[in-house]
Amino acid sequence: MATVLDIAKRNPNAATVAVSDAARAAGFIEKTAELNAVAGAAPGGASLVGLTRDQLKESLAAIGVPERELKMRVAQLWHWIYFRGAKDFVEMTNVGKELRGKLAAAYTLARPQVVSEQVSKDGTRKWLIRMPSTGPLDKGAEIECVYIPEVDRGTLCVSSQVGCTLTCSFCHTGTQRLVRNLTSAEIVAQLIVARDAIGDWPDATPPDGAREKGLLPTDGGRFVSNIVFMGMGEPLYNIGDVIAAIDVMSDGEGLTLSRRRITVSTSGVVPQMERLGAEANTMLAISLHAVRDELRDELVPINRKYDIKQLLDACRAYPGLSNARRITFEYVMLKGVNDSDADARELVRLLKGIPAKINLIPFNPWPGSKYECSDWERIERFSEIVYRAGYASPVRTPRGRDILAACGQLKSETEKLRARARMMAEQGIGAEGVYAVGNGE
Ligand code: SAH
Ligand code: SF4
């Protein structure tokens with residue numbers, strides 16, 4: 001996914017990091033970067049959208065709301081901002097006129113700017129979002145956010161950083177020179193932007209008859225029901241803000257997303273996995289991609305710090321792990337690199353005893369990438385071995401292929417595999433939290 005989410009433009013305020021191919025070849029694990037924007041900064045500088053309860057409380061205290069009123073006022077604003085999607089303080093009819101005036105004088109409810117929206121004929125939507133400037137030289141970081149509707153779910157793929165300090169050799173985001181962490185508000189704002197655009201608020205209407213055209217979920221649930229942190233960046237390198245954003249997104253009085261429908265994908269930042277499970281209690285996805293350390297060292301260089309054994313031990317210890325809450329292992333299919341029968345068998349052996357799902361991802365090429373996507377027969381054969389061992393192994397269907405760069409001409413074959421994914425789901429092998437699979441929670 002990262003490859004389709006890598007249009008971040010230069011952010012002069014972020015650190016410039018040199019990572020040449022030579023540096024990569026020499027075994028660079030990661031770049032260093034100026035990792036934090038202004039902590040707690042809201043999109044729009046003074047926008048309240050995306051803030052946590054504590055940040056909202058501070059913002060209210062700063063304009064003189066008395067201590068004894070703070071809790072009640074935060075609850076009111078929370079409801080308007082996150083339950084109703086208010087865009088103007090005037091809408092907040094149960095907030096007194098005087099306070100509304102003060103709020104409007106000091107703050108906004110502005111969203112980050114949507115630079116462009118592309119809509120695929122299958123309903124997939126991709127937004128290029130510009131975050132507000134964090135300083136005089138900063139034009140504002142740009143990130144992409146993708147919405148993938150299915151009949152019974154709508155999945156939003158969000159970014160946690162602009163760029164990524166890690167340098168996975170098959171990932172375009174890893175080649176970007178400019179990196180900074182997104183604030184929790186900027187992460188939450190991606191969901192707000194998506195809900196604005198698809199009319200997913202109580203009194204809103206979806207655009208252009210999208211619902212009637214079958215371009216939105218039709219199961220009566222929320223249009224955005226699932227979140228995957230599979231956009232740009234390594235979420236566990238920005239864990240504080242990612243957890244804060246998840247708290248806002250899953251708050252029962254506001255955006256109300258179920259934590260079980262939020263999946264955080266990591267390349268394997270072992271020391272932070274426990275904290276993610278304990279504090280965010282979300283589903284976990286691991287970008288495994290190789291079954292031998294030698295190869296994983298090259299594909300996912302963080303493996304040189306935390307090897308496969310350490311990674312899988314951390315998975316076994318992941319809080320809340322059970323058959324109903326499996327870890328998803330992502331495996332990108334690289335021709336002649338990691339796609340042999342022996343690799344598939346080793347994968348199954350390694351994961352033994354871990355409640356797992358395996359998500360095979362067709363490699364998505366990008367200009368200058370040195371890999372090719374495995375042939376379809378190979379993917380099918382690999383999937384067969386994994387499937388025989390009892391694992392759901394849906395191939396991540398390229399969605400929105402008319403608006404995203406996707407891997408190869410896979411359509412009809414992909415549909416074949418989708419049928420199998422459905423069958424597995426019917427057998428109770430769910431795929432909750434992972435997009436592009438026809439079933440699951
Ligand atoms: N940094 C996190 C999350 C973002 S990447 C991580 O690595 O898990 C989300 C997924 O997209 C990861 O599994 C990543 O390995 C995969 N990915 C990156 N580049 C890809 C490409 N060119 N083709 C297919 N999948 C890719
Ligand atoms: Fe890409 Fe994820 Fe690796 Fe970062 S950690 S370079 S986003 S695959």
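Trainee: Why is C168 counted as buried?

Mentor: C168 has a relative accessibility of 13%, and buried means under 20% relative accessible area, exposed over 50%, and partly exposed in between, with a 1.4 Å probe and protein chains only. The value of 13% falls under the 20% limit, so C168 is buried. This is a predicted model, in which local features need pLDDT of at least 70 and side-chain atom pairs count only at pLDDT 80 or more, while totals for chains, interfaces and linings use all residues. Residues are numbered from 1 along each chain as its sequence is written, chains are lettered from A and ligands numbered from 1 in the order in which they are written, and side-chain values use heavy atoms, with hydrogens and water left out.

Trainee: What makes C171 count as buried?

Mentor: The relative accessibility of C171 is 15%, and that is again under 20%, so C171 is buried by the rule already given.

Trainee: Which residues surround ligand 2?

Mentor: The shell is made up of C164, L166, C168, C171, G174, G233, E234 and S267, where a residue is near a molecule if one of its heavy atoms lies within 4 Å of it. By class, this shell has four nonpolar, three polar and one charged residues.

Trainee: How many disulfides does the model have?

Mentor: The count comes to zero, where a disulfide is a pair of cysteine sulfur atoms within 2.5 Å.

Trainee: What makes the phi of T256 stand out?

Mentor: The phi of T256 is near 50°, a positive value in a residue that is not glycine. Most residues other than glycine have a negative phi. T256 lies in the loop between α6 (239-249) and β9 (262-266), with helices (H or I, at least four residues) and strands (E, at least two) taken as DSSP runs numbered from the N terminus. Its relative accessibility of 34% lies between 20% and 50%, so T256 is partly exposed.

Trainee: Where does N281 lie, and why is N281 called partly exposed?

Mentor: N281 lies in the loop between α7 (270-280) and β10 (283-287), and N281 also has a positive phi, of about 55°, although it is not a glycine. The relative accessible area of N281 is 33%, so this residue too falls between the 20% and 50% limits.

Trainee: How many aromatic pairs does a search of the whole structure find?

Mentor: The search finds three, and F363 with Y371 form an aromatic pair that has 6.2 Å centre to centre and 85° between the planes. Rings of Phe, Tyr and Trp (its six-membered ring) pair if their centres lie within 6.5 Å, and planes under 30 degrees apart count as stacked, over 60 as edge-to-face and the rest as tilted, so the F363 and Y371 pair is edge-to-face. F363 is buried at a relative accessible area of 1%, and Y371 is buried at 9%.

Trainee: How do you know that both faces of strand β8 are covered?

Mentor: In β8 (residues 226-229), N226 and V228 on one side and I227 and F229 on the other are all buried. The bridge partner of T155 in β8 is N226. β8 and β9 also pair in the parallel sense over three bridges, with I227 opposite I262 in β9.

Methods
Ala, Val, Leu, Ile, Met, Phe, Trp, Tyr, Cys and Pro count as nonpolar, Asp, Glu, Lys and Arg as charged, and the others, Gly among them, as polar. Two strands pair if DSSP finds at least two bridges between them.
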